[in-house]
Amino acid sequence: MRTPKRLTDFHLFICVCNLLLQGGLVAALHLQELRIPSHAVRNSNVRLECHFELDGETLYSVKWYKDGNEFYRYVPRDMPPAQVFPLPGVTVNIHNSSDTQVVLTSVQLPSSGLYRCEVSGEAPFFQTVTEHQRMMVVALPEEEPKITGGKPRYQVGDTVRVNCTSGRSKPAAQLSWFINGEHADPNFLRGPDTIVTGREGLETSILGLEFAVRPKHFKKGDMKLKCLATIATLYFRSNEESVEGERPQRASVLESRGTVAPPGSRADRVQAATGGSTLSSPPATAAGIVLYGCLLLLLTGMLTCPR
């Protein structure tokens, strides 16, 4: 059975093309770099970049796809060269887009997906290079993580039971506990638990901490409990509480710091004359003060009473 001449010519054409390409006699289009952020914050603008090298080839088109659906096309020979195709979750800023970049405006949660850039050369070879990367749009919590259930003071032997809650986000925040700046023992952790709410399926994350207080948990009489919430490389927020250990009870009566008279002093003779008792405070009146002074002089032998 003879092979049709047209089919033989086509095979010959393909073989010649392959030989030319392998021998480097034909320009080779190649994709240099694809820049797509792995995470983007909701309501922000995102730039998708696709850099390629023509190496003498003529550009035919650049096409962008999300999850297999084309949403942007750039063809230099068309007028205008850029064209946008409607796609849920994708809003293109066509004025800031070109053959090497596409700018997405106010990305939302449905904007998450697999993005692909496809570059094609002109006839007769129509070389095509393509590459893809995934992007996730993140909804950040509106508030910092909260610590609940703690007491203002603990003592050795008490049990600490606290929770850390990070507000609604997408995806759920990753929570970590620290005691005095060091990661808490994994055996102390309870959870995490995730609560999904709302039409968008935003997630609230909760992580508990429970442990028996030991002396090592206090640093200079205080214990610091910190909760850290993170989402990818976009969100780092923490909350810290400082609690006191039980303080020793202070004496209710302060000791007197009076000076001690040297042995054999007049004060000793006064004390001996009074039988070891101390004199009461002098009266506040002038007459009383004079009488009190006379009494002291009399006791010390410096004053003699007339007979």
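A residue counts as partly exposed when its relative accessible area falls between the buried class, under 20%, and the exposed class, over 50%. In this predicted model, Asp 55 has a relative accessibility of 40%, and therefore belongs to the partly exposed class. The residue is found in the loop between β3 (46-53) and β4 (59-66), and its backbone deserves a look too: phi is near 50 degrees, a positive value in a residue other than glycine. Most residues other than glycine have a negative phi.

Most peptide bonds are trans. The bond from Met 79 to Pro 80, however, is cis, with omega near 0 degrees. Pro 80 sits in the loop between β5 (69-74) and β6 (82-84). Another cis bond links Gly 191 to Pro 192, and here omega is about 5 degrees. Pro 192 belongs to a strand, namely β15 (residues 189-197).

Strand β15 leads on to the sheet architecture. Four strands form an open sheet in the order β10-β12-β16-β15, with antiparallel pairing. Its edge strands are β10 (146-148) and β15, each of which pairs on one side only. From one strand to the next, the twist averages 20 degrees. Within this sheet, strand β12 (residues 159-169) runs antiparallel to β16, and nine bridges join the two.

A polar atom of the Ser 205 side chain lies 3.2 Å from the backbone oxygen of Ala 173.

Strand β17 takes part in antiparallel pairing with two partners. With strand β13 (residues 174-179), the pairing extends over six bridges, and Phe 178 stands opposite Lys 226 in β17. With strand β18 (residues 235-245), the pairing covers 10 bridges; here Lys 224 has Ser 242 of β18 as its bridge partner. For anyone following the side chains along these elements, it is handy to recall that in a regular strand they alternate between the two faces of the sheet.

Which residues line the largest pocket? The lining comprises Ile 179, Asn 180, Glu 182, His 183, Ala 184, Asp 185, Phe 188, Ala 212, Arg 214, Lys 216, His 217 and Lys 219. By residue class, the lining of the largest pocket divides into four nonpolar, three polar and five charged residues.

Terms used: Residues are numbered from 1 along each chain as its sequence is written. This is a predicted model: local features need pLDDT of at least 70, side-chain atom pairs count only at pLDDT 80 or more; totals for chains, interfaces and linings use all residues. Side-chain values use heavy atoms; hydrogens and water are left out. Buried means under 20% relative accessible area, exposed over 50%, partly exposed in between (1.4 Å probe, protein chains only). Two strands pair if DSSP finds at least two bridges between them. Axes are lines fitted to C-alpha atoms, for helices over the stretch in contact, and angles run from 0 to 180 degrees between N-to-C directions. On a 1 Å grid over the protein atoms alone, a cavity is a set of points where a 1.4 Å probe fits but cannot get out, and a pocket is an open set with protein on both sides within 12 Å along at least five of seven lines; lining residues have an atom within 4 Å of a point. Ala, Val, Leu, Ile, Met, Phe, Trp, Tyr, Cys and Pro count as nonpolar, Asp, Glu, Lys and Arg as charged, and the others, Gly among them, as polar. A polar contact is a pair of N or O atoms within 3.5 Å; within protein, one must be able to donate a hydrogen and the other to accept it, and residues adjacent in sequence count only if both atoms are side-chain atoms.
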